Amino acid sequence: MNPICFRARPTPLYRVVKPLLNNRPAAVIVTRQPSTSLFGTSTPKAMAQEYKLKGVTSLDLKPGSKQEVEVEGLDTKVLLLNDGTKVQAVGARCTHYGAPLVNGILTTNGRLTCPWHGG
Amino acid sequence: VEERVLVVGGGSGALGAVEGLRTNGFQGPITLISNEGYLPIDRTKLSKALMTDTSKLQWRDKDYFESASVEIVDDEVTGVDFGTKTVATKLGGNYAYNKLILATGGTPKMLPLQGFKVLSNIFTLRTVHDTKQIVDAIGDKGKKIVVVGSSFIGMEFANATATDNEVHVIGMEGAPLERILGTQVGAALQKAFEGKGVKFHMNAGVDKAEPSTSDPSKVGAVLLKDGTRLDADLVVLGVGVSPSTQFLKDNTIVKLEDDGSLKTDENFCVVGLKDVYAIGDIATYPYHGPGGDGKYIRIEHWNVAQNAGRTAAGHIVAPTRKPAPFTPVFWSALTAQLRYCGNTIGGYDDVIIQGSLEEGKWAAFYTKGETVVAVASMGKDPVMSQSAELMALGKMPRKSQLKDGLDPVSLGPPE
């Protein structure tokens, strides 16, 4: 599937579950959401899996702030962002042309737009 | 009561409408009628990259529309009965609707000049079918190509073909894209194109097209009013589009605007009609962006059509909710990537340029008084996206601040 850019609050592909701030070495873990149909008609096929974020020890992002991080055990990056209510993780690249969303614009109320085409 | 939505057209606006409906929880049946012969595509890739593979151009595959319970009909709408709320098609179909979204897009204009209607190898560029014909005519490259029109379609096509062909661009303006980007930026872009070998004939008028001597059914040359003769293996016309509303021309209920478009309100509801929306190239809507003052405007851009589709969808699902304002955005491949947001419908009286036009790293702020009404940029991401968000929030910096060198991106997350 070739998804389109959406001018909307980003759908979290990943969910930040455990900021382990008191342990050393500290780590932030995300779960990858099982794939479901956009319209919620199909049932999840897999359970969520947990992944560690490389080099992330805290989640002190301000509303509108974002940070690109690597995921341990996956050849991929995620974008951590504060959407104004919570910190969450989304895919690091725009689904349109693959622009790095860390260079995009995130408003303090969680609207993320692409740096290339404003989608 | 289950509402039935009928979408006419299969472009960016139609897709925005369909997805807007389903993501907002609309449960009723949706039917989309398109005459293009393929699923909704990213049309921007046609002129920018001459792509012809519909499987790569389409936004979504067949399964996606099936899973979203969107019925796709390959047919052409020939008329609308607004009284009985039905739509008639070329293949004899009759489709009922509760809500109708008209998204039929634009039809490229032809030149009403000698030779242009009868000679082959003269193309417009709108659909995958057009692009396939053009790519076939270019064949193994090294062709003499004449592009009529120095606005976006013509310039993007020239950009895509200049490396391997001899490309001439004919424009009526003093500099390419001058009408949208101004003389200064237009001249800088012309220089960059000339660096790629493109030849320009500006302030020029076309006189006629002449047949080829080897095959008189094909074009062989384009003649300008000043007598200049440009040999051509093929000609591409980028001389604008007209709203595709032929099917409403003789309708007794709706009156088209002078340009053939439909006048709408902020929700893209057609003025004077109930339960009918018009989006994209065929919609003339009140613009409330900076400098807009609610002036009626028709914008032929992908992003505007898509946002209009989402706005219409949002209104169908929640009629009392206020529409979310969006800033018009477009981009173009013009030796490098150009970004643009805002609109100059209300005019502009100055252009503030940050960076260097010569080095291809610049941002241009089009201003009216102290208000920035539009922003163009190259090599300066994310200045445009930041400006688009600031404009939508009414927080774009003033002209004097930008003149003093303020970078809008330095303002941080828009709030």
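Trainee: How many disulfides does the structure hold over all chains?

Mentor: This is a predicted model, and a disulfide requires two cysteine sulfur atoms within 2.5 Å. The sulfur of A:Cys114 has its closest cysteine sulfur 3.9 Å away, in A:Cys94, which is too far for a bond. Over all chains, the number of disulfides is 0.

Trainee: Is A:Cys114 buried or exposed?

Mentor: The cut-off for a buried residue is a relative accessible area under 20%. A:Cys114 has 2% relative accessibility, so this cysteine counts as buried. B:Cys341, at 0%, is buried. The class of A:Cys114 is therefore buried.

Trainee: How many residues of helix α8 of chain B are buried?

Mentor: Helix α8 of chain B runs over residues 302–317 and reaches 23 Å from its first C-alpha to its last, close to the 22 Å expected. The helix is mostly covered, and of its 16 residues the number buried is 15.

Trainee: Where in chain A is confidence lowest?

Mentor: Chain A averages a pLDDT of 74, and 64% of its residues score at least 70. Over residues 1–11 of chain A the pLDDT is below 50, although this stretch has 48 contacts beyond near neighbours in sequence. Strand β7 of chain A has the highest confidence, at 96, whereas the lowest, at a mean of 51, is in strand β1.

Conventions. Residues are numbered from 1 along each chain as its sequence is written. Chains are lettered from A and ligands numbered from 1 in the order in which they are written. This is a predicted model: local features need pLDDT of at least 70, side-chain atom pairs count only at pLDDT 80 or more; totals for chains, interfaces and linings use all residues. Side-chain values use heavy atoms; hydrogens and water are left out. pLDDT is the predictor's confidence in each residue, from 0 to 100. Helices (H or I, at least four residues) and strands (E, at least two) are DSSP runs, numbered from the N terminus. Contact means heavy atoms within 4.5 Å. The expected span of a helix is 1.5 Å times one less than its number of residues. Buried means under 20% relative accessible area, exposed over 50%, partly exposed in between (1.4 Å probe, protein chains only).
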